[in-house]
Amino acid sequence: MSSSYLGEHMPSLGSLQVKLAADAEKHIAPHELEGHQHYIYTEPEFDDPNFDPDVVILDDDSPYPEVRSAVANTDDPDMPVNTLRAWTIGILWSVILPGLNQFLFFRYPAITVTGITAQLLSYPLGRLWAYALPPVKIFGVSLNPGPFTVKEHVLITIMANVGYTTAYATDIIAVQRVFYNQVFGFGYQWMIVMSTQLIGFSIGGIARRFLVSPPSMIWPTNLVTCALFNTLHSQQYAGIGNRGGISREWFFLYAFLGSFFWFFFPGYIFQALSYFNWVCWIAPNNVVVNQLFGYYSGLGMSLVTFDWSQIAYIGSPLATPWWAAANVAVGFVFFFWVVSPIIYYTNTWYSQYMPMSTRTSYDNMGKVYNVTRILTPDATLDIDKYKAYSPLFLSTTFAMSYGLSFASITATIMHTIIYFRKQIWIQSRRSLSEQADIHARLMSRYPQVPEWWYSTIFVSMFIFGVVSIEVWNTQMPVWALVLAMVISFVYTIPVGMIQAITNQQIALNVVTELIIGYALPGKPIAMMLFKTWGYVSTSQALQFTSDFKLGHYMKIPPRAMFFCQIVGAAIAGTVQLGVQTWMFAHIPDMCQPDQPNRFVCPSTEVFGTASIVWGVIGPQRQFSEGQIYYGLVYFFLIGTACPLAAYLVGLRWPNSFLRYVNFPVIFNGTSWIPPASAVNYVPWTIAGFIFNYVIRRRHFSWWTKYNYILSAGLDCGVAISIIFIYFCLQFPRNGKVGADTIQAWWGNTVSTNTADYGHKGSGTALSAVPPGSTFGPATW
């Protein structure tokens, strides 16, 4: 088996070496490291906070230490990848993971079995296949091509990754059923899901020149996956260093086993360790204490949790660069620990009549908003009924999240213009073969995917979208679909650049809701569809692009990547629809607050609330001048001004900490709230500080060898433990296993017997509304 390093069989090597030599004359760093190897670096062509000019690197490796520690700088082009074995196991995961996660998606707390689980379990499956099946051919296809390879493993994992998360469009279908009593046929549902998923794929393929090939687009989450691949397959490469100690294979095993067994405590035996609102235990009925220190409906000043699934709910803190995590932490502390309490305790927006942090909407009696009281029979707004019922109110943190979303929209545009205009212009004039990065040069040997393949997918899925909105009564015109596509195209590259560098994705859901809310007021179904095509197409494009980068790092032929992603996404969407249809037909009281098996549909509730705010009532009745939440509109100006101010200050002090301030990340980092809460942010920040600042600075060799492996081991252990606990201890007997024993003991009830949890998990308001009374404006 041959390995190709820089320059082997590379026709463009001569011109590349000339360029490197010329750069070296300007940027040479005359350092010598262990083994007396000569190192150089070249400055990035834009201000990149991940680039460390004090770190010296090999001229045939990545200029980023995170990438060198997790990704091999070699390739074997003869290694089997597009095999029957890979496709069989990959399709198996394309059925199992989407079906399982769709089943669990409607449960609270939501459980997501990630692609890393498939990555872990595919390894013994592939090895077993190689050991047990004979090396024969069927119709010219080898049944057993030999040892299970790392490239086959990557292909399988990518098929699992593209569909393990619930398709956003399935929430449209659930909201139509639960909130608006609409049940369209399976043909409508399937075309909506396929269109939203695969249009994103085509956009991601077109944008890959900007988001995959440049070495500065590191996509930090993929580094955890790459480190696990190389550990499982015992890949050796320079970037992992020469630190002694146990091997990464054994370290992963210990981390996996420790995570698996430990989760039994916060996940089943002592569940208060998960929502560790320990201050609330001292004063369980003190509303202010519970609002400040609580985790269910409070601000989370209790600081800690012992549940890795809570810490990693918004993404592994070990995979996020510390400077990016610090930006998220600054945004959380300022807006949710400083601004939100001021708003709440001054009763701005009548906040005190609602819990401080929830995921639902309220009427002027402090009850959950009943949208059916303001709808016509065809699910549009009835103005007279609306004026007779109530305006819509939001909890303080929910309203704050909308304001921050407004700021992130304009901050993303301004930040991209200021910092990435040169990068975008440079990449628009480059092709893949002209990149100086070792991984791009190794990938240039493989045939690329023609642009017309992606264009064909786009046109086909666009037709699916047109058919679905025209044949069924969706209230959405075709011009709105075209506008949604324009928004998706415009935002994919700048949002993708920020995510590739910071590991934080800027959410576009609010910008799409705002546009369609003004363009088609009072039409919630059209709003949800527009939001999905405008927002989710970008989100899916970035998911597919992230997988492109994973294949880029692991040297997977691009055409094999293309087909495995298409097939995986199509299978996953179909399976998810089938499971959802079965659940609504066979599970009683589905999506009701008191559903006995906790299938209360938290995400559907948030999506349904958004459909009321933006689709039924509309932004003109929520955010226009004279309305309750008009003040949030000023966040658009704040988002525009902040990046510009930081840039101007940075010109005066170019080497200050301000070069690490990223306002799109500050404004958007808390976009998971709701349904996330402080329990997911505060411990996440602490863990990120410990590993990606303290340990990385003081024990860099340990961090290089073990950091990403630790993250992978913790993720895998929790995922497998969740499955085991749920199906062995919680699902049987309708959740009644241990109902009078372990489920009833103090450690499993203390966190919920608080004002933080409230009645049925709804939290507690500071000021109760007297029976028969209302709050808020007299007219609306």
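Below is a chat about a predicted model of one protein chain.

User: What am I looking at, and how are residues numbered?
Analyst: This is a predicted model, where local features need pLDDT of at least 70, side-chain atom pairs count only at pLDDT 80 or more, and totals for chains, interfaces and linings use all residues. Residues are numbered from 1 along each chain as its sequence is written, and side-chain values use heavy atoms, with hydrogens and water left out.

User: How many helices and strands does the protein chain have?
Analyst: The protein chain has 29 helices and 6 strands. Helices (H or I, at least four residues) and strands (E, at least two) are DSSP runs, numbered from the N terminus.

User: How much of the chain is buried?
Analyst: Of the 780 residues, 59% are buried. Buried means under 20% relative accessible area, exposed means over 50%, and partly exposed is in between (1.4 Å probe, protein chains only).

User: And what is the accessible surface of the chain?
Analyst: About 30,400 Å². Carbon and sulfur atoms hold 64% of that surface. Accessible areas come from the Shrake-Rupley method with a 1.4 Å probe, and for residues only the protein chains shown count as cover.

User: What share of contacts joins residues 24 or more positions apart?
Analyst: Taking contacts with a separation of 6 or more, 79% are between residues 24 or more positions apart. A contact means heavy atoms within 4.5 Å.

User: Back to the surface. Which residues form a nonpolar patch there?
Analyst: Among them are Trp262, Phe265, Trp278, Leu303 and Tyr693. Together the patch residues have about 1,000 Å² of accessible area. Patches are made of residues with over 30% relative accessible area and no salt bridge; like charges are joined within 9 Å, nonpolar side chains (Val, Leu, Ile, Met, Phe, Trp, Tyr) within 5 Å. A salt bridge is a side-chain nitrogen of Lys or Arg within 4 Å of a carboxyl oxygen of Asp or Glu.

User: Which elements give two or more residues to the patch?
Analyst: Helix H11 (264–269), helix H12 (278–282) and helix H28 (678–698) do. The largest share, 4 residues, comes from H28.

User: Where is Leu303, then?
Analyst: Leu303 sits in the loop between helix H13 (287–293) and helix H14 (308–311). Leu303 counts as partly exposed because its relative accessibility is 38%.

User: New topic. How many disulfides come out?
Analyst: The count is 1 disulfide. The rule asks for a pair of cysteine sulfur atoms within 2.5 Å. Cys591 and Cys601 are joined, S to S 2.0 Å. Both Cys591 and Cys601 lie in the loop between helix H24 (558–586) and helix H25 (602–617), 10 residues apart.

User: What kind of bond is a disulfide?
Analyst: A covalent bond between the sulfur atoms of two cysteines.

User: Is the one at Cys591 and Cys601 left-handed or right-handed?
Analyst: The torsion about the S-S bond of Cys591 and Cys601 is about -80°, so the disulfide is left-handed. Cys591 is buried, as is Cys601.

User: Are Cys226 and Cys716 buried or exposed?
Analyst: Cys226 is buried because its relative accessible area is 0%. Cys716 is buried too, with a relative accessible area of 1%.

User: How many aromatic pairs are there?
Analyst: The count is 65 aromatic pairs. Rings of Phe, Tyr and Trp (its six-membered ring) pair if their centres lie within 6.5 Å; planes under 30 degrees apart count as stacked, over 60 as edge-to-face and the rest as tilted. One of the pairs is Phe332 with Phe336, which is stacked at 5.6 Å centre to centre, with 20° between the planes. Phe332 and Phe336 are 4 residues apart in helix H15 (residues 322–345), so about one helical turn separates them. Phe332 and Phe336 are both buried.

User: What about Trp614 and Phe623?
Analyst: Trp614 and Phe623 form a stacked pair, 4.9 Å centre to centre and 25° between the planes. Both are buried.

User: Which residues have a positive phi without being a glycine?
Analyst: Phe139 is one, at about 55°. Gln475 is another, at about 70°. Phe139 is in the loop between strand S3 (137–138) and strand S4 (141–142). Gln475 is in the loop between helix H20 (451–471) and helix H21 (478–502).

User: Buried or exposed?
Analyst: Phe139 is exposed, at 84% relative accessibility. Gln475 is buried, with a relative accessible area of 16%.

User: Last one. Where is Thr754?
Analyst: Thr754 is in the segment after helix H29 (700–730). Thr754 counts as buried, at 6% relative accessibility. Leaving aside neighbours within four places in sequence, Thr754 is in contact with Asn277, Cys280, Pro284 and Asn290.
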